[in-house]
Amino acid sequence: ASFFARMFVQVCLYFYCKCLWRCLKFVVRKLTGRCELQRICYNTKPGAARTMKIGNCKRLQTSVSVHPDAIEKTIDDIMELKRINPDINPQLGVSLQACLLQIVGYRNLIAEVEKLRREPYDSENPQHEEMLLKLWKCLKPNSPLKARISKQWCEIGFQGDDPKTDFRGMGLLGLYNLMYFAEWDTEIAQQVLSDSLHPKYSAWQYLDFLFSFPSQFSKAEWEKKKFDKAIGYSFAIVGINITDLAYNLLVSGALKTHFYNVAPEAPTLTHFQQTFCYLMHEFHKFWIEEDPLDIMEFNRVREKFHKRILKQLQNPEMALCPHFAASESLINM
């Protein structure tokens, strides 16, 4: 009996999907005078909510694999197939083009990021070496590097005297992200590095805390409650680890919400690097908030941070609001 019941349910679902659903769509189009694409574009505001609905349309499933240069022609073909007059619906073509550029751009961004991740750091490559040395200059402008192979690299959070061994997990992607952070958001990067090197919180954090609770805590109490628990971490190693976190968010599709809300068209590598800067800054604050007992708690804190970001990205209106110099231009998009 249960077998026949399951068969009956499956037949009903098949009938609904193949027949009834199409009939409902036909009726809705006749009543509203608009096809599904028109209803989505006219009734959903621009951003992730609209682009994700457009991406789920069966009619556009094959369009997401086209080259960006062919998107305009693809949209013309779709509008002709749907019998939509472009002169009467000029905004529809513009909206569809923006959505498809975001969808195709996201797919291409994954490929570009994956290529960087798979490319190993090569100390014989002058470009790679130049980037690495530039990273040092941006983070430690007043401390010249005495030698290419040096214990000084530990001062910016590498594990040994040659950073090339630390890039194995994320390849050039880790270096690209660290370099972008250090070059385009130098002040924040240097502050995060400085905080990570010291077992005590910085002065501005103490002042912020003091102004928040002026009558309840003295400086001695602050030192007792906070300074003795605070610890640092390896800046560069954490940067490579956060690169891995950003990479997984991208590949899993979780970052679609953010990118579709901040990139008016195709998201680029710059958008990804700006997101990395945001994640580095937010993780640093989160690390301080969590107040871990020692560095052995890093994985626990990272996983908790990862879950927080994933939860934020579940909101279709979410844009990881950048508050660093490199991304100020994205805030008002």
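Predicted model: local features only at pLDDT ≥ 70, side-chain atom pairs only at ≥ 80, totals over all residues.
Local features were considered at pLDDT of at least 70 and side-chain atom pairs at pLDDT 80 or more, whereas totals for chains, interfaces and linings use all residues. Residues are numbered from 1 along each chain as its sequence is written, and side-chain values use heavy atoms, with hydrogens and water left out.

Helix H3 (residues 48–55) packs against helix H5 (residues 90–118) at an angle of about 80 degrees, with the axes 9 Å apart, so H3 is roughly perpendicular to H5 (a term for angles of 65 to 115 degrees). Helices are DSSP runs of H or I with at least four residues, numbered from the N terminus. Arg50, Thr51, Ile54 and Gly55 of H3 make the contact with Ser95, Leu96, Cys99, Gln102 and Ile103 of H5, where contact means heavy atoms within 4.5 Å.

Across the whole structure, 16 aromatic pairs were found, a pair being two rings of Phe, Tyr or Trp (its six-membered ring) with centres within 6.5 Å. The ring centres of Tyr233 and Trp287 lie 5.7 Å apart and the planes are at 80 degrees, so this pair is edge-to-face (planes over 60 degrees apart). Because Tyr233 belongs to the loop between helix H10 (219–227) and helix H11 (235–252), and Trp287 to helix H13 (residues 269–290), the pair ties together parts that are 54 residues apart in sequence. Tyr233 is buried at 7% relative accessibility, and Trp287 is buried at 3%, where buried means under 20% relative accessible area with a 1.4 Å probe, protein chains only. Tyr233 and Trp287 belong to one aromatic cluster with Phe283, Phe286, Phe298 and Phe305.

Conventions. Axes fitted to C-alpha atoms, helices over the stretch in contact; angles between N-to-C directions. Helix = DSSP H or I, 4+ residues; strand = E, 2+ residues; numbered from the N terminus. Parallel < 35°, antiparallel > 145°, perpendicular 65-115°, else oblique. Phe/Tyr/Trp six-rings, centres within 6.5 Å; stacked < 30°, edge-to-face > 60°. Buried < 20%, exposed > 50% of the residue type's maximum accessible area, 1.4 Å probe, protein only.
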